[in-house]
Amino acid sequence: MTTSNFDLAVIGGGPAGMAAASVAAERGLRTVLIDEQEYLGGQIYRSITRTPLKKRDILGTDYWRGEDLVRSFRASGATHWPSTTVWSISRELELGLSSGGKARLEKFKHVILATGAVERPTPIEGWTLPGVMGAGAAQILLKTSGMVHDGVVIAGSGPLIWLIAAQYLSAGARIEAILDTTPAGAIWRSLPALPEFLFSSYLGKGLGLLAEVRRKVKIISNVSYLRAEGDGRLQAVVYRRSGREERMSTDLLLLHTGVIPNLNLANATGCSQAWDAVQRCFRPNADSWGATSVEGVSVAGDGAGILGAEAAAYSGRTAALGALFRLERITLKDRDAIASTEQAGLRKVSRGRRFLDLIYQPSPAIPSDPTKACRCEEVTVAQIRNATAMGAVGPNQVKSFLRCGMGPCQGRLCGNTVTQVMAAERGVSPADVGYYRLRSPVKPLTLAELASMPRDESDMKAVYRN
Amino acid sequence: MAELSPDVIVIGGGIHGISAALHLAMTGCRVVALEKDHCGRHASGVNAGGVRTLARDPAEVPLSLAALDMWYAIGDLVGDDCGFECHGQIQIAETEADLVMLRSRVDGLRASGYHHEEIIDRRELAELLPAVSDTCVGAAIARRDGAAIPFRTVLAFQRRAKDFGVVFREGEGVARLRRLARDWEVTTSLGERLTAPTIVNCAGVWAGKIAQQVGDQAPVEATAPMMMVTLPIQRVMEPVVIGSSRPLSLKQLANGTVLIGGGQSGTPVPHENRTELDFSKLHRSCVTVSELFPILRGLTVVRAWAGLEARMSDGIPVIGAGSAEGVFHAFGFSAHGFQLGPIVGRIIADLIVRQATDMPIRPFGIQRFAGCNA
Amino acid sequence: MFRRLRDRTATSGDVAFTIDGKLVSADAEDSVAAAALASGVLRFRTSTVSGEPRGPYCMMGVCFECLLTIDGRPNQQACMVKVRPGMRVETQSGKPSVAP
């Protein structure tokens, strides 16, 4: 087992990761931030150091807050390993790492998982057609490559819908329509309070920008059903509103119903998880320092629970303080004193977030029977319901039976759906159904990479006979 | 309630337990099968699926050959082909020394009247396995061998067993086992009490604990044989491949994915129902595959896992009557039990119903461990 | 389909590579997936299960839909690979073959 030259591995280059690594390094832990992306920023601040967009306005002022975090990180003395994938973490904190086509194992004293969020899978009939993407994908194309698509339809619910719409408008792109699936009444009930919470976090321009989007873009509210249609690629989206079905031509449909923690690495490491009934997703169990059920593994940021980018930084710094204390680099007194500022900040932004969660609480409705719940193995909602009716009690059983969850995405696009479909079919809470039991490697790697791992002593001595 | 007083209680819902339950029910016995998780949850559901007579311990050979005949009629037995494909199994000789070893085994088998294995030369190896490195010198082959889909097989056996009236109690394990006059009384983890004159211990990794409660000793070692699977690629391999001097198991499934195993064990944690992977060992399997099949080096591994499997110190299972009356065992299959599933069920049923079996099971007696500390 | 904003910085240089033999030009920081989309390629592969067409969905390495064969290596997540001059990219039809 190779022991790292670093004490602490922070995984993820977004706000939580950068903040955690900065604090830990500043206070003397040998810290490395490991990220699979080439540049710092994670997803929320994607391409913040390299975006080709000249007009800073396009992305909104909150985006540029990320620059402070990058600056702090670069000044902190922490090391950065970009383009490096972490594909496993053992209970002894031995990390499986891969970069440049080679894999290796390295043992750390503490690990902070800051793996952020992924878009909640939004399965609709026809969602596997080329031309249907997540709203986050369009944002990445804009931020990283300065690309837009005129005539886009944006469908779903949640703050990101408005953010990407505002960014597109700012970039001069044409939006065909926004199909808002937020249930009737929710928006109007909460609209007076909405700007204070939503736009103070993300757009910084408040009600004005929301109004501009509503003024310039056709918005169809109370959409109750969506279907993507086309021959070989997306050509139209069908939707239902007030009992009527309508069709709208488009080449690009962006789906979005919020974000959920990216918990594959935590799950595969053995961290226990719990169902969050408000956000309707699983998140790792963690104490106020981010410590999980696995000794030496902490979580921070959206990967611990969706609180947004600002909260992620506070949470990252708190987790770093927890690690510093565990590794006996600061006293309990100092830890608590320094943390109190962070925790106050975290509380402030979380208040706003919770309100947001309630407005945009995802619908418990499950997708229609023909919808592919698992894209990789093409398993439909109907098949999962049948298997559940025949006695499968949880996602792991249904996975063995139908192969859903066995594809390369390892449940990232189907896990949430499968759990909710089974829960609805069994008439129990998703908490009772549970989630896939994930395993390493959490990201794929080639045989050549695994074969290239440095041989340890026991390899040299091993008689290859079992 | 009749369900609480069956003729036989089978403990363990893996392939052997279900096969035993099915064969017993086929003779008219009333059977209840207890499974603490769900059927096929452990070794039986997650193994490499090899249907192999090749490279067996000599004691297993007659059972394995009988089982293979049952596999060829598996559709009749359980109403599902279980994904059984037969393109042969090949054991590669990397070196002349390997080939000598294989040849000696094949000669020994022939001397005992068994002709299921042959030696093939470098040329025929290249024909049957174009992807293999030309540094390999030859192989042993069992042409009638193949592979099936483990979880599908377990479910098929379970379905057929249910058709014959077997009652499966899943999510329910054995809390306590004791003798009551002429019966065995099982108190389950849900507090139910079942009694039956006969019990069958097919509890895999947990079989040693069951054996203890009925007065038998069996030092069961928990292991966690590791597997990897890749993204689908075009068909490059028909036969199943195993190694000789280096552990390896390699097969390409119908869906194009490649399954890599090979006798490397991770860390079993049976009391928590889980296993841990050991990537430094999986690395060795990857080295072996890369060296023997260079074109597979670019394959993408998307998943690894390890089931909980029971191993006996001599590498062969326990099959047969226990010391106490009404007790029968079938466990400890040491990472090569899947193929034996059909025959083991028949053997157990024969022992219980006819008090005799035509299969030579003496080497598998649990008595060989008498005096060992479990 | 997707178009580039004209108002981009000079980090965009021209990188030339091929997709199914056709010459494509990309910005220096493009992922292969972004460059492919910008050049009008929407269908990256066909599913190995049903043969239906698939294209990028998440652009962040999570969905595994954007798999392309790059310089002979199959099943590369195109959104995670940066373009390089002279790169040879091929869309995948069903199960890809392995490079020798």
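Mentor: Start with B:Arg144. Its charged end sits over the ring of B:Tyr72, 4.3 Å from the ring centre. This is a predicted model, so every value here is computed from predicted positions.

A pair of aromatic rings is described by the distance of the centres and the angle of the planes. The whole structure holds 9 aromatic pairs, counted over all chains. Take A:Phe6 and A:Trp81. Their centres are 5.5 Å apart and their planes stand at 90 degrees, so this pair is edge-to-face. The cut-off for that label is over 60 degrees. Where do the partners A:Phe6 and A:Trp81 sit in the chain? A:Phe6 belongs to the segment before strand S1 (8–11) of chain A. A:Trp81 belongs to strand S3 (residues 79–81) of chain A.

Compare chain B. B:Trp71 and B:Phe84 also form an aromatic pair, with 5.5 Å from centre to centre. Here the planes make an angle of 50 degrees, and the pair is tilted. B:Trp71 comes from helix H3 (residues 61–72) of chain B. B:Phe84 comes from the loop between helix H4 (74–78) and strand S4 (89–93) of chain B. The two are 13 residues apart, and this pair too links distant parts of the chain.

A:Trp275, A:Phe282, A:Tyr435 and A:Tyr436 form one aromatic cluster.

B:Glu127 lies in helix H6 (residues 122–128) of chain B. Its relative accessible area is 54%, so B:Glu127 is exposed. Its side chain makes a polar contact of 2.6 Å with the side chain of B:Arg123. Now look across the chain to B:Leu190. B:Glu127 and B:Leu190 are 63 residues apart in sequence. In space they are 56 Å apart, C-alpha to C-alpha.

Next comes a sheet in chain C. Strands of a sheet pair through backbone hydrogen bonds, either parallel or antiparallel. This one is an open sheet of 5 strands, in the order S3-S2-S8-S6-S7, and its pairing is mixed. Which strands of chain C stand at the edges? They are strand S3 (22–26) and strand S7 (73–77) of chain C. Each has a single partner strand, so one side of each is left without a neighbour in the sheet. Neighbouring strands of the sheet are turned by 40 degrees against each other on average, direction ignored. Look at one edge. Strand S2 (residues 15–19) of chain C pairs with S3(C) in the antiparallel sense, over 5 bridges. There, C:Ile19 stands opposite C:Lys22 in S3(C).

C:Gln76 is placed in strand S7 of chain C. At 18% relative accessibility, C:Gln76 counts as buried. A polar atom of its side chain lies 3.1 Å from the backbone oxygen of C:Pro74. Leaving out residues up to four places away in sequence, C:Gln76 touches C:Cys66, C:Leu67, C:Leu68 and C:Ile70.

Finish with the backbone of chain A. The peptide bond from A:Ser440 to A:Pro441 is cis, with omega near 0 degrees. A:Pro441 is in the loop between helix H15 (430–433) and strand S24 (445–446) of chain A. What is phi of A:Asn222? It is near 55 degrees, a positive value in a residue other than glycine. A:Asn222 is in the loop between strand S13 (219–220) and strand S14 (223–229) of chain A. With 38% relative accessibility, A:Asn222 counts as partly exposed. A:Glu328 has a positive phi as well, about 60 degrees, although it is not a glycine. This residue, A:Glu328, lies in the loop between helix H10 (309–326) and helix H11 (332–359) of chain A. At 71% relative accessibility, A:Glu328 counts as exposed.

Key:
Residues are numbered from 1 along each chain as its sequence is written. Chains are lettered from A and ligands numbered from 1 in the order in which they are written. This is a predicted model: local features need pLDDT of at least 70, side-chain atom pairs count only at pLDDT 80 or more; totals for chains, interfaces and linings use all residues. Side-chain values use heavy atoms; hydrogens and water are left out. Rings of Phe, Tyr and Trp (its six-membered ring) pair if their centres lie within 6.5 Å; planes under 30 degrees apart count as stacked, over 60 as edge-to-face and the rest as tilted. Helices (H or I, at least four residues) and strands (E, at least two) are DSSP runs, numbered from the N terminus. A charge sits over a ring if NZ of Lys or CZ of Arg is within 6 Å of the ring centre and within 35 degrees of the ring normal. Buried means under 20% relative accessible area, exposed over 50%, partly exposed in between (1.4 Å probe, protein chains only). A polar contact is a pair of N or O atoms within 3.5 Å; within protein, one must be able to donate a hydrogen and the other to accept it, and residues adjacent in sequence count only if both atoms are side-chain atoms. Two strands pair if DSSP finds at least two bridges between them. Axes are lines fitted to C-alpha atoms, for helices over the stretch in contact, and angles run from 0 to 180 degrees between N-to-C directions. Contact means heavy atoms within 4.5 Å.
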